[in-house]
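Dear colleague,

My notes on it follow directly after.

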Amino acid sequence: MVEVVSKSAEDTRKLGKAIGEKLHGGEVVVLIGELGTGKTTMIKGICEGLGVSDPVESPTFTLINEYRGKVPVYHVDCYREERLEEWIELGISEYLYSDSVVLIEWGERLEEILPDDKITIHLFHDFDQEGVRYIQIDGIELSKNELRFLEE
Ligand SMILES: Nc1ncnc2c1ncn2[C@@H]1O[C@H](COP(=O)(O)OP(=O)(O)OP(=O)(O)O)[C@@H](O)[C@H]1O
Ligand SMILES: [Mg+2]
């Protein structure tokens, strides 16, 4: 597990970018954290690392956003829990077992259908320090060198 302290939205975005650069396709990345912890911010960075130039925003009127990067990227937001069954009916599992990258906010809500082999990112607020987030990353390694921007 990699544990990181992010001191700004920019840190979180860069962390996402470092993760995105390591993805090849076929990965599922689940982001878990309270409102405003930075899940979408992190996903913007991951998409940047994957070479996406399309605008990245959480899907609101659509269930899934698709972006073109070095591989197709799917962005899912499970916040609106009542749509869960719709997603499953739509065959989200096809995306989950493809060569694309699938990024899922509030992904714990899809736990039952997610592969065991996934990258999980937990984000936590620091209630004393605005702008600080604690981030835990499981399922992918990041070297000190890859995290060097945090010390800049
Ligand atoms: N260290 C930090 N990392 C990420 N975002 C931060 C940080 N510090 C402050 N912020 C701010 O917190 C907000 C995070 O918003 P973002 O939409 O990424 O969160 P989210 O987890 O996707 O929220 P939601 O649950 O509503 O989808 C942004 O306004 C961002 O500027
Ligand atoms: Mg979000």
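The notes below take up the metal site, the ligand shell, one backbone angle and the cysteines in turn.

This is a predicted model, in which local features need pLDDT of at least 70 and side-chain atom pairs count only at pLDDT 80 or more, while totals for chains, interfaces and linings use all residues. Residues are numbered from 1 along each chain as its sequence is written, chains are lettered from A and ligands numbered from 1 in the order in which they are written, and side-chain values use heavy atoms, with hydrogens and water left out.

Metal site. The magnesium ion (ligand 2) has Thr40 (OG1) and Glu105 (OE) as its protein donors, at 2.0 to 2.2 Å. Donors here are N, O and S atoms within 2.8 Å of the metal (3.2 Å for Na, K and Ca); water is not among the atoms, so sites may look incomplete. Because Thr40 belongs to helix α2 (residues 39-49) and Glu105 to strand β5 (residues 101-105), the pair ties together parts 65 residues apart in sequence. Helices (H or I, at least four residues) and strands (E, at least two) are DSSP runs, numbered from the N terminus. Thr40 is partly exposed at 22% relative accessibility, whereas Glu105 is buried at 3%. Buried means under 20% relative accessible area, exposed over 50%, and partly exposed in between (1.4 Å probe, protein chains only).

Ligand 1. There are 17 residues around ligand 1, of which Ser6, Thr12, Lys39, Thr40 and Thr41 come nearest; a residue counts as near if one of its heavy atoms lies within 4 Å. Helix α2 gives the most to this shell, with three residues. A nitrogen atom of ligand 1 lies 2.6 Å from a side-chain N or O atom of Thr12, and a polar backbone atom of Gly131 is 3.0 Å from a nitrogen atom of the ligand.

Backbone. Trp106, in the loop between β5 and β6 (119-125), has a positive phi near 55° although it is not a glycine. Trp106 is buried, with a relative accessible area of 9%.

Cysteines. The whole structure has zero disulfides (pairs of cysteine sulfur atoms within 2.5 Å). The sulfur of Cys78 is 16 Å from the closest cysteine sulfur, in Cys47, which is too far for a bond. Cys47 is buried at 1% relative accessible area, and Cys78 is buried at 0%.

With kind regards

How values were computed
Polar contact = N/O pair within 3.5 Å; in protein donor to acceptor, adjacent residues only side chain to side chain.
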